[in-house]
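Take your time, and look up each residue as it comes along.

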Amino acid sequence: MQQTTVTPTHCPYCALQCGMNLTPLQDGGVAVVERPDFPVNRGALCGKGRTAPEVLSSRARLTSPLVRSGGALVPASWEEALDRIAGALSRTRAEHGPDAVGVFGGGGLTNEKAYALGKFARVVLGTSQIDYNGRFCMSSSAAAGTKAFGLDRGLPFPLEDIPRTGCVILVGSNPAETMPPSLRFLTELKENGGTLIVVDPRRTRTAEQADLHLAPRPGTDLALALGLLHLVVAEGRTDEAYIAERTAGWEEARAAAMAHWPEYVERITGVPVPRLREAVRLFCEPEHAMVLTARGPEQQSKGTDTVNAWINLCLATGRAGRPLSGYGCLTGQGNGQGGREHGQKADQLPGYRKLTDPAARRHVAEVWGVDPDSLPGPGRSAYELLDALGTDIRSLLVMGSNPVVSAPRAGHVEERLGSLDFLAVCDVVLSETAALADVVLPVTQWAEETGTMTNLEGRVLLRRQALTPPGGVHSDLYVLHELAARLGVEKGFPTDPEEVFEELRRASAGGLADYSGITYRRLAEENGVFWPCPAPARPLDEGEDAAVDGPLPDDPAQDVPEPHPGTPRLFLDRFATQDGRARFVPVSHRPIAEEPDDEYPLLLTTGRVVAHYQSGAQTRRVDELNAAAPGPFVELHPRLAARLGAAEGDPVAVVSRRGRAVAPARITTAIRPDTVFMPFHWPGEGRANTLTNPALDPTSRMPEFKACAVRVEAVAPQSSV
């Protein structure tokens, strides 16, 4: 039934999860209205958020299941579509074993969906082969944060702390385009007398706001961080008391940094020594400072080491675990944080528990009512899973992801998807990946459903349903419930999101990402709650397990202590390591996996534009956003364009060892002469990820999206550079 009042909720796109109000329209839709009470965006919205309801129109979205018949996708009933999926998954398991079935999730799924999907894969399918596209988001930062702090949460402090610090080093992030409402925090930083240093190969809209812009060669952020730490040591700017009291491993990290003297770093990065020294001065002189990274340094085959180098800089100067200081990661996807905390990542169980930890397996298995030994072990990472399609993995269920556009070496991934025995996709639109499927299920999204998200601050939020979905559309939770029943598991997969969240609370209790003290009621009343937020302790009956058997504190029949307030700021007293000390991680510069050579003399880097989001599957269906950014382009320096004989708007081809992409030239001095840039939102001949390198970070298994060797060719006349 259509809502008749204003519904407070959150944007369906990036990790800011901006607050917004939805008001009903007479045509059955909703309109977006400002919601100034939410502290992350204070009412401000970008064009994507403001136009979000257009994706839910019948013109843009799926309204009926589709099944492949005679080579084409045709409408079908839900019963037929679900029966086909269950039958195919059952046959694959019987003929090839459970690990021949794969599951690929998405960083936009609510916490409830991500939790249920991980449980479905491990309990119903018995497969280890589950991962999600969030692996492509902040896995390197997550791995580095876990090494250094014992815990990964995007930001260990709220965004509201940023304007009150003294200096921010922003590494490989362009929030002016990727999350525009957040730019006000950097503007307020400068208004308060703080300084902004931006590290980016391009002079982006964000870099134009910086007090100091460092433009390193793509793939050299690790050397840059090491060079800055070398100067910190050489200039006597380390905080020796802090290092002694709150850290471990300094001597090894110090020795590694001292091998990266300034002139050597200048040769690697192209950043002049005086600018390195100025960056150190600006960072070290104020009492408080922060380093914030994003995909630039993280989407590299050495992304984990790169982030650890920036964390080392914070630790050496006493800028972590103190008020208004620290290292943080600007998560990209809407639920990139919560999505990996509760089970859809290949190596994790709910509560950010390790799948290899016997105690974690016992705890979660008890919540799920299964034998711990029945749970499979860790599976392949996202790209490795996609690479195994059609060989080891014969059937795949995709939920909320479009790897045909978003995965590295996308042409190869598209071929692998086409080689499957069976592909099922759940999505709100007919994405490029869904178009390859044997069965497509139309599912609810955003304003059509209730559920929780966890934003880049670690703030758990409640999205509220504002309208009834079309008659032919169901939720992902309904899909999992129906498939589980058809595969022999009648219980354990409710369709009510609050019921799923109640189980998630129990499963997460005692874990690093403990949600057990969070309820829907609290989320509605408090504008979100920061994790960890454990349930208050209470007396136990004999033989009772508090995390599994006992009612949680929102039970009105039970007298309980005051609820935990949540944890907006982490590490102020101790880090999440066994001894409470942060760990320096000794790292050294190494080249990217694919350096330029005579055949491929340039570097390609990729990113986003303000009008579109991720693979563009949704935003490309919004007329206003398409008008603002109608297609891909190749950003070239004027010197490179002159050598090619290319003028503004001329088609140029970018060629790597993996393929060829063609798009109009955009000529600008904002990019280095040795580098070209392409946004990755489009399919077809302008697909940037046709070119990108799937070389993986050895720890995070992050592909190297941000740097690969290419050449650029003018489509006409014939010439190349």
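## Pockets on the model

Sorted by class, the second largest pocket is lined by 10 nonpolar, three polar and eight charged residues. Keep in mind that this is a predicted model. The volume of the second largest pocket is about 320 Å³. Its lining is made of 21 residues, and those closest to the centre are Glu177, Arg202, Arg205, Phe633 and Arg666.

Now turn to the largest pocket, which holds about 600 Å³ of space. It has 31 lining residues, with Thr146, Asp347, Gln348, Tyr352 and Lys354 closest to its centre. Three elements, α4 (135–149), β15 and α15, each give two or more residues to this lining. Helix α4 gives the most, with six residues. By class, the lining of the largest pocket has 10 nonpolar, 10 polar and 11 charged residues.

## Enclosed cavities

How many cavities of 30 Å³ or more are there? The count comes to seven. The second largest cavity has a volume of about 100 Å³. Of the 16 residues that line this cavity, Pro156, Phe157, Arg322, Ser325 and Leu570 lie nearest its centre. Its lining comprises 10 nonpolar, three polar and three charged residues.

In soluble globular proteins, nonpolar side chains tend to be buried together. In this model, the largest nonpolar core has 114 residues, and the ones with the most contacts inside it are Phe120, Phe149, Ile169, Trp310, Leu441 and Val479. Helix α7 (residues 221–234) supplies the largest share of this core, nine residues. A second, separate core of 54 residues includes Met20, Phe38, Ile162 and Leu461.

Which residues is Ile169 in contact with, leaving aside its neighbours within four places in sequence? They are Ile197, Val199, Phe283, Met290, Val291, Leu292, Trp310 and Leu313.

Helix α13 (residues 303–316) has 14 residues, and from its first C-alpha to its last it reaches 20 Å, close to the 20 Å expected at 1.5 Å a residue. Is α13 mostly covered or mostly uncovered? It is mostly covered, since 14 of its 14 residues are buried. Just after α13 comes Gly318, with a positive phi of about 70 degrees.

Helix α20 (residues 497–508) has 12 residues, so at 1.5 Å a residue it should span 16 Å; its end C-alpha atoms are 16 Å apart, which agrees. The buried residues in α20 are Pro497, Val500, Phe501, Glu503, Leu504, Arg505, Ala507 and Ser508. Among the elements that cover them are α3 (111–125), β15 (353–354), α15 (358–368), β19 (451–454), α19 (476–486) and α21 (520–526). Just after α20, Gly510 takes a positive phi of about 85 degrees.

## A glycine in a loop

To finish, find Gly166 in the loop between α4 and β8 (167–171). Is Gly166 buried or exposed? Its relative accessible area is 17%, and buried means under 20%, so Gly166 is buried.

Not counting residues up to four places away in sequence, Gly166 touches Leu189, Gly194, Thr195, Pro286 and His288. Gly166 and Arg281 are 115 residues apart along the chain, and their C-alpha atoms are separated by 12 Å.

How values were computed: Residues are numbered from 1 along each chain as its sequence is written. This is a predicted model: local features need pLDDT of at least 70, side-chain atom pairs count only at pLDDT 80 or more; totals for chains, interfaces and linings use all residues. Side-chain values use heavy atoms; hydrogens and water are left out. A nonpolar core is a set of buried Ala, Val, Leu, Ile, Met, Phe, Trp, Tyr and Cys residues joined through side-chain atoms within 4.5 Å. Buried means under 20% relative accessible area, exposed over 50%, partly exposed in between (1.4 Å probe, protein chains only). Helices (H or I, at least four residues) and strands (E, at least two) are DSSP runs, numbered from the N terminus. Contact means heavy atoms within 4.5 Å. The expected span of a helix is 1.5 Å times one less than its number of residues. On a 1 Å grid over the protein atoms alone, a cavity is a set of points where a 1.4 Å probe fits but cannot get out, and a pocket is an open set with protein on both sides within 12 Å along at least five of seven lines; lining residues have an atom within 4 Å of a point. Grid points are joined across faces, edges and corners, and a volume is the space filled by probe spheres set on the points. Ala, Val, Leu, Ile, Met, Phe, Trp, Tyr, Cys and Pro count as nonpolar, Asp, Glu, Lys and Arg as charged, and the others, Gly among them, as polar.
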